[in-house]
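My entries follow the structure.

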Amino acid sequence: MLLCKLASIASFLHLQEKVACLSKVTKGDDMSNKRVQQQIKKSLSPELYQHSVGVAEMAVILAKQLGYDEKKAYLAGLLHDCARDWTERDLLRYAEKNGIEADKFSQKYPVLLHAAVGAAYVQDWGVDDNEILAAIRNHTLGYPGMSLLEQITYVADKIEQGRTYPGVEELRRTVHADFYQGLLAVAEQSISYILHKRQPLHPATISFWNWLVGQSKGE
Ligand SMILES: Nc1ncnc2c1ncn2[C@@H]1O[C@H](COP(=O)(O)OP(=O)(O)O)[C@@H](O)[C@H]1O
């Protein structure tokens, strides 16, 4: 009888241990998320941090609209510009040291490396979700066949609440009415902006545009 009671107490304690362990893992996730949030706040200028929070919040709105994981969308948005404040020299040096390919275009315009460098850099903070890393890596140039999280981050970057350029309100309306029409309109706006400044367009963005147009025509 006593043995039986002891056994049931032991099994109860074992269960409790298991529950405690499980909640530690969950807590650990929340804590590491918190740590990442503190890291990013420390790493950015107040303006860029505000933009990043804006992108994270808009990414959550879009994730809700599209039925995507809101936590992942938030983190991708928050971290997307983590290397945007770096100097050209630091971007080039980091890329070289970490085996990040700087194509001819990026060698000439190293600011474009902030996306790929950012995706490598956040791994030091423990961010290892491949979808989030890809969303950071591709948020500036785009490419054909972007994943949903990459598209969300790309769009959120251009229409977050802090953006005030002419036409942004209309873009927000289009995105919320039909995300894919909105994506096309956002890409059109940001490509036109670069062309208007008479700047060259990265080849990945040309392919991205051609893909988007094809998609919109059902090709
Ligand atoms: N697809 C592209 N091709 C060539 N240059 C680009 C492209 N996208 C952005 N740029 C240029 O890179 C710089 C930084 O881009 P980005 O970080 O997206 O702008 P912002 O600081 O407005 O968010 C800008 O000067 C922009 O003109």
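These are my notes, one topic at a time.

**Ground rules.** I number residues from 1 along each chain as its sequence is written. The model is predicted, so local features need pLDDT of at least 70, side-chain atom pairs count only at pLDDT 80 or more, and totals for chains, interfaces and linings use all residues.

I looked up the UniProt record: an unreviewed entry annotates "domain: HD" over residues 48-162. Positions are in the numbering used here, feature names are shortened, and such annotations may be inferred rather than shown by experiment. Over residues 48-162 I get 63% helix and 0% strand. Helices (H or I, at least four residues) and strands (E, at least two) are DSSP runs, numbered from the N terminus. The end C-alpha atoms of this stretch are 10 Å apart.

**H3 on H8.** I took helix H3 (residues 70-79) against H8 and found an angle of about 50°, with the axes 10 Å apart. Axes are lines fitted to C-alpha atoms, for helices over the stretch in contact, and angles run from 0 to 180 degrees between N-to-C directions. H3 and H8 are therefore oblique to each other (under 35 degrees is roughly parallel, over 145 roughly antiparallel, 65 to 115 roughly perpendicular, the rest oblique). On the H3 side I list Lys72, Ala73, Ala76 and Gly77; they meet Leu149, Ile152, Thr153 and Ala156 in H8. Contact means C-beta atoms, placed from the backbone, within 7 Å. I sorted this contact by class: 5 nonpolar, 2 polar and 1 charged. Ala, Val, Leu, Ile, Met, Phe, Trp, Tyr, Cys and Pro count as nonpolar, Asp, Glu, Lys and Arg as charged, and the others, Gly among them, as polar.

**H7 on H8.** The axes of H7 (residues 130-137) and H8 (residues 148-159) come within 8 Å and cross at roughly 40°. That makes H7 oblique to H8. Glu131, Ala134 and Ala135 of H7 touch Leu149, Glu150 and Thr153 of H8. I count 3 nonpolar, 1 polar and 2 charged residues here.

**Ligand.** Which residues surround the ligand? My list includes Arg84, Tyr109, Thr140, Gln199 and His202, with C-beta atoms, placed from the backbone, within 6 Å. By class, the shell has 6 nonpolar, 4 polar and 1 charged residues.

Note on methods. Contact = placed C-beta atoms within 7 Å.
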